Amino acid sequence: MDNKKNTQSVAWKEVCANLKRNLPDHAMNAWFDPVVPVSFDNNKFVLGVPSQFFLEWIDSHYNEHLKTTLRLVFGNEVVHSFVIHKTEQSNAIEQIRQHVVPQNNKSKLNNLNPKYVFDKFIVGDNNEFAKTASESVAKNPGETNFNPLIIYGGVGLGKTHLMHSIGNKAISINPSLKIVNITSEQFTLDFVNSLRKNKTIEFAQNYRSADILLIDDIQFFRGKEQTQEQFFHTFNVLYQSGKQIVLTADKFPGEMKGLQSRLLSRFQSGLSVDVQPPNFEIRVAILLEISEQNGLTLEYPTIEFIAKHIKNNVRDLEGTIIRILAKSSLLNIEIDNQLVTEVIKERVGGNFGNEVSIENIVKKVSQLSSISEKEIVGKSRKMEIAEARQLSMYLCRDIIGASLMNIGVYFGGRDHTTVMHAVKTIDNKKINNNRMKEIITSVKQELGFSFF
Ligand code: ADP
Ligand code: MG
């Protein structure tokens, strides 16, 4: 890929990552996945879409979202426009998109994400059982005791990935299977439309003829009584004829509110498996995988550094990598400690460095300099003690951004000008003084705030 192409594709990825935060998955899949970045020059982002219909739709429904997101990512300057851009791939995608509402006859067209396969799913204690159960369902749909299979857990932990993997695997084994893959919102919308158009019979037929029914995020059925009723009947028909049902939810079904109890009791006849947040080692493995997929080579210490700070879910890990890539390639700068730290700070916000206190810093400096903590915060003017004190003050500012006043108070009630002076002194010293540089890096490393 030449440089320009690379930049525009990275830029577009970044925009999509941000759009994703505010748009539901189905909107992203149907309207943004098919968009191809055509050019990105002079602050103009030209986006290719597969058809005139598509162009009008995305322009009338998502213009504001796009504008806001571009502003967020690039500042005020960048504007966007659409062109119709036909490639084999976009033709295929357009075809699939038109079939987002599932077909009446058996059809290979489904909106399964081809990237969501078992091979790309990284396993750890946190999700092993969920993956094993999913695989077994994919191999023998409807024939295991895992019916329905319900995958539940927090956001960004791989539920949708696993559900699509089931569909992808099952269809690779038996291409004639009819897989209906839909989010609960799409199901609702489809049902409402069928009511409007007097097509409830077709609606029912379509869902009830599935060999595998995959419904994502069933928590959004909450409070939609008539949709739940429809779903209940669909469920029963499929279940009784030995068809496989796979559902995902944000909570253990037994704890879900707003769903009819007859539904919840149906769910109990199958298996519920959870996905948990990944531990440190799994986060490292996932980061390595994501970097590789994005053609990014990061030093191992950088990966560890990210894994230490981004803990919640896999989507955040992905978002971090993409943001790093976007920043370095758009601003044409090296990926270094500063850039990575900046991106992490943006993502974790005020939580960055939350676990570290002034006390931790003083403790670390004390260990590394063999000067006691008491002396560091004390009054002695002996040169090496004064220097350890200044260094500690500097690090309190640099690592946790403590206020001059708070630092002063901690260090024996000194006033803020003394702290400011200390910070400046170390700032100057570290330029030429290698020993100083090393000790700063060591403290940061040991507290998890630097990786080189
Ligand atoms: P959920 O549906 O639970 O909110 P997703 O399935 O959408 O989460 O996952 C978010 C992103 O993280 C997806 O891009 C997915 O491919 C990726 N992901 C999640 N878990 C894993 C995993 N264990 N291995 C590899 N990628 C993962
Ligand atoms: Mg999901």
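**Before starting.** For helix packing, I take axes as lines fitted to C-alpha atoms, for helices over the stretch in contact, and angles run from 0 to 180 degrees between N-to-C directions. Helices (H or I, at least four residues) and strands (E, at least two) are DSSP runs, numbered from the N terminus. This is a predicted model, in which local features need pLDDT of at least 70 and side-chain atom pairs count only at pLDDT 80 or more, while totals for chains, interfaces and linings use all residues. Residues are numbered from 1 along each chain as its sequence is written, chains are lettered from A and ligands numbered from 1 in the order in which they are written, and side-chain values use heavy atoms, with hydrogens and water left out.

**Entry 1, the overall picture.** I found 20 helices and 8 strands in the protein. Its C-alpha atoms fill a box of roughly 90 × 50 × 35 Å along the principal axes. Of the 452 residues, 48% are buried; buried means under 20% relative accessible area, exposed over 50%, and partly exposed in between (1.4 Å probe, protein chains only). I also looked at contacts, meaning heavy atoms within 4.5 Å. Among those with a separation of 6 or more, 72% join residues 24 or more positions apart.

At what angle do helix 17 and helix 19 pack? I read about 95°, with the axes 8 Å apart. That makes helix 17 roughly perpendicular to helix 19, since angles of 65 to 115 degrees count that way, under 35 being roughly parallel, over 145 roughly antiparallel and the rest oblique. On the helix 17 side, the contact includes E387, L391, Y394 and R397. Helix 19 brings residues including V419, A422, I426 and K430.

A nonpolar core here is a set of buried Ala, Val, Leu, Ile, Met, Phe, Trp, Tyr and Cys residues joined through side-chain atoms within 4.5 Å. In soluble globular proteins, nonpolar side chains tend to be buried together. Which members of the largest core touch the most others? They are I361, V365, L391, L395, I407 and F411, out of 29 residues. Helix 15 (358-369), helix 17 (383-400), helix 18 (404-410), helix 19 (416-432) and helix 20 (434-446) each give two or more residues to this core. Helix 17 provides the largest share, 8 residues. I then followed L391: beyond its neighbours within four places in sequence, L391 is in contact with V365, I426, M436, I439 and I440. Another core, of 26 residues, lies apart from this one and has V15, L19, A27 and V73 among its members.

Helix 11 covers residues 280-293, 14 residues in all. From first C-alpha to last, helix 11 reaches 20 Å, close to the 20 Å expected at 1.5 Å a residue; the expected span is 1.5 Å times one less than the number of residues. Its buried residues are I282, R283, V284, I286, L287, I290 and S291. Helix 12 (300-309) and helix 13 (314-330) are included in what covers them. What follows helix 11 is G295, with a positive phi near 65°.

I found N126 in the loop between helix 4 (88-98) and helix 5. Is N126 buried or exposed? N126 is buried, at a relative accessible area of 11%. Leaving out residues up to four places away in sequence, N126 touches D274, V275, Q276, P277, P278 and I282.

I noted a cis peptide bond between N147 and P148, with omega about 0°. P148 sits in the loop between helix 5 (128-139) and strand 4 (149-153). N43 is not a glycine, yet has a positive phi near 60°. N43 is in the loop between strand 1 (36-41) and strand 2 (44-49) and is partly exposed, at 41% relative accessible area. S370 also is no glycine and has a positive phi of about 55°. S370 belongs to the loop between helix 15 and helix 16 (373-377) and is exposed, with a relative accessible area of 68%.

T7 is in helix 1 (residues 3-22). The C-alpha atoms of T7 and K327 are 10.0 Å apart, although 320 residues separate them along the chain.
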